[in-house]
Amino acid sequence: MSTPEASKHTPMMQQYLRIKAEHPDMLLFYRMGDFYELFMGDAERAAKLLDITLTQRGASGGNAIKMAGVPYHAAEQYLARLVKMGESVAICEQIGDPATSKGPVERKVVRIVTPGTVTDSALLEEKRDNLLLALHQRSGKLGLAWLNLASGQFYVSETATDNLSAELERLQPSEILHAENAVLPAGMVAAHKSLPDWHFELETARRALCQQFATRDLAGFGCDDFTLGLEAAGALLGYAKLTQGQTIAHVRSVQVYHADQYVRLDAATRRNLELTQTLRGEPAPTLLSLLDTCATNMGSRLLAHWLHHPLRDRAVLRARLDAVEHLSLPSPACGRGAGGEGYRAVHDQLKPCVDVERITARIALKSARPRDLSGLRDTLKQLPQLQTALGRVDSSAAHAEPNTENRVGTETCPPYASRLQVLAHDLQTDTALVELLQKALKDEPSSVLREGGVIADGFDAELDELRGIQSNCGDFLLALETRERARTGIEKLKVEYNRVHGFYIEVSVANADKVPDDYRRRQTLKNVERYITPELKAFEDKALSANDRALAREKWLYEQLLEQLAPHIPTLQRVAAALAELDVLATFAERAATLDFCAPQFVDEPVLQITAGRHPVVEAQVEQFIANDCQLGEARKLLLITGPNMGGKSTYMRQTALIALLAHVGSFVPAQQAVLGEIDQIFTRIGASDDLASGRSTFMVEMTEAANILHNATERSLVLVDEIGRGTSTFDGLALAYAIARHLLEANRSYTLFATHYFELTRLAEEFAQLANVHLAAVEHQHSIVFLHAVNEGAASQSYGLQVAALAGVPHSVIRSAKRQLIRLEQQSAAQNPQGDLFAAAPPEPEEPEEHPLVAALRELDPDELSPKAALERIYQLKKLL
């Protein structure tokens, strides 16, 4: 702001405007006493967003100052609401001493709260990772870097620009950083911020990353040859440091994300399978909501991550499955029988544990609260008992009879219970860490440091002395009161204290003439006089200063404690990861026992065999679920599924995909048996809606998803296609469905479930031996339809569309009209309204149909020449012909 313009404003407003100019695109919380104030445009915006009062006070620069404010002690709830709306807030605190400041108290922005960089527990969703994503595009290539600041996990990746939508669906970031010229998908809901292009400079990014990790280069992280990914990572790291106002010491490495390590799920597949969100955008009922019985929030977040990142590494999967099997065994501590499983013992030990992952991040950022540390202390003290419980599980596994039916793995799989042993080892902590927290903190510390009562007695001699002065205050006042009553002869003399006037001696007006000369009047009330003496004044100075000095000492000791904890951050991160994984594995074991899941088997042959498979989410919503088999292999690549609407085709296809996915996250699966060969990708083309933001119709969305499948599916991919071609004319839709099915069989050769209402496609089985027709059974009963939900071999006999419409509540008059029209359509000749047969030769020209006798009689009839009697006779004749 220029000097002439600045002179128009008050000194305080000059300070505010200078700070606001440094953060023009975010709200500024400007600390004034017990409030965070917002001014001018920020005040108007915050008043609308937070529904708080907008006022006008005073004037600056010739205009009234618009203001809105929130109490500093309640700021978190307002920040949480703003972050959820995608807003960013700069927190400006008073850092100067009001008592010594000649002008406005010195202030500066100490942190910036943005949707992707929050770490406070009050601002975060407990069971969802909060990711900050940076992306950089150039020449059809895309560099990605994402950071979970609440845990310290930092990833980098490079891919094709076309994969951006799929990556956004996988990561679901809370905030996106991008260059000013970036092209983003239409309809993107995440908060996003553009940065100048120089933030994405490669050499600057390399230096920043090497400095962060204290390395000479990035070769050890496997990303030294990256360009776009490193540019995105450098911009992200700089932004994260800026928002925190300090280094981010808990970010100790960067990991390269390799897409080929995971079973690929495109954006449509993640939505259609409803892994963590329903198609309506709700959190339940989904696969995650069904499986998530985790004892900790860390476990819930890891479970959601695993569901979106199914692995292809069978050694890791077998290790997980072995651990789940062992946790399902009876624990010696509980005995055999109901309730004695090892997962129960593990979960019982995990339930009291706090969120070690996020508390560790707050320790690194010096923002951990006293009860964060006391919860961490109690959790660390719990770990030996958890290790003991794991030892008992290990003992049970060692003595258990091998389960040859569901045993996973081969001779090359890791040693029995090896994953649990590794996790038990990772739970080991330095005893000095636990002792430090034990000695430093009270058993039940205050929730906030400013209230005191955090540091334990006996930890610091100076603090104990200052607290002693405060605790002995009552004894001194009683002794003084007794002495003064004896000295003055005033029996009702009182020595008291309040926050406004401090310590005082209270005497009734009737006894005022008895006070000694050394009493100095402090306050006069209607019936009493209040006095201070030199002795009481000296004690007051000492006591009140002791309280302030005790709070200052306690604050300094707490900051020192956080510094002492910093070297233990790697240990705490390792413990947090082990606790989260143990929680998920124990949850898998509990869900397997409760929901009757079985261990999947991995083989090298190209096969997907499921016996009595079930859709776990649908099964939990209905009283009885009909289990079905699915047999796919080299000789049976495509199942063409026909049957009525509401018959269960989509459920059958989705359950197959979910079983394959669950097996690849290391979980047991909802089936009697599941044998899986290698799967590299899962594609779905199920349902459709228009994409108005991108200007795409329903049919265009459908074709785009189909094109993605045809271009990318391999012979190891699982493909689900549901009623392709519905959004256009019958001939176009049938032709496309036919061509797509052929391409999947001949070119892609993927494991395919292909549902359709085009019964003409069932004749493809005559051409392709790898195609098998199956159908969902249904029977008509008393003018209605009963769905059997059982998958049978062969094609369906009819579609039952009118019966389903009747079940949906379509008026009976409409159903009757539809039936009549259906009869007419079925009776029409191929010449009048041909339904093309893609498999037959061109039909011969149809012969002219013979005229019905009734039509001929009507044509010969001349009403003008008929008498009434003749007309009546002719009507009877026509009635006979009809």
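This is a predicted model: local features need pLDDT of at least 70, side-chain atom pairs count only at pLDDT 80 or more; totals for chains, interfaces and linings use all residues.
Residues are numbered from 1 along each chain as its sequence is written. Local features need pLDDT of at least 70, and side-chain atom pairs count only at pLDDT 80 or more.

**Helix pair.** Helix α17 (residues 461-471) packs against helix α19 (residues 534-565) at an angle of about 150°, with axes 9 Å apart. Helices are DSSP runs (H or I) of at least four residues, and strands are runs (E) of at least two. Axes are lines fitted to C-alpha atoms, and angles run from 0 to 180 degrees between N-to-C directions. Contact means heavy atoms within 4.5 Å. Residues of α17 in the contact include L463, L466 and I469.

**Salt bridges.** The structure holds 47 salt bridges. Each needs a side-chain nitrogen of Lys or Arg within 4 Å of a carboxyl oxygen of Asp or Glu. Side chains of opposite charge can pair when their charged atoms come close. Three examples follow.

| Pair | N to O distance |
|---|---|
| E540 and R522 | 3.0 Å |
| K555 and E559 | 2.7 Å |
| E715 and R749 | 3.2 Å |

E540 is buried, at 4% relative accessible area. Buried means under 20%, exposed over 50%, and partly exposed in between (1.4 Å probe, protein chains only). R522 is partly exposed at 27%. K555 and E559 lie four residues apart in helix α19, so about one helical turn separates them.

**A buried residue.** N773 sits in strand β26 (residues 771-781). Its relative accessible area is 14%, so N773 counts as buried. A polar atom of the N773 side chain lies 2.9 Å from the backbone oxygen of T762.

Notes
Side-chain values use heavy atoms; hydrogens and water are left out. A polar contact is a pair of N or O atoms within 3.5 Å; within protein, one must be able to donate a hydrogen and the other to accept it, and residues adjacent in sequence count only if both atoms are side-chain atoms.
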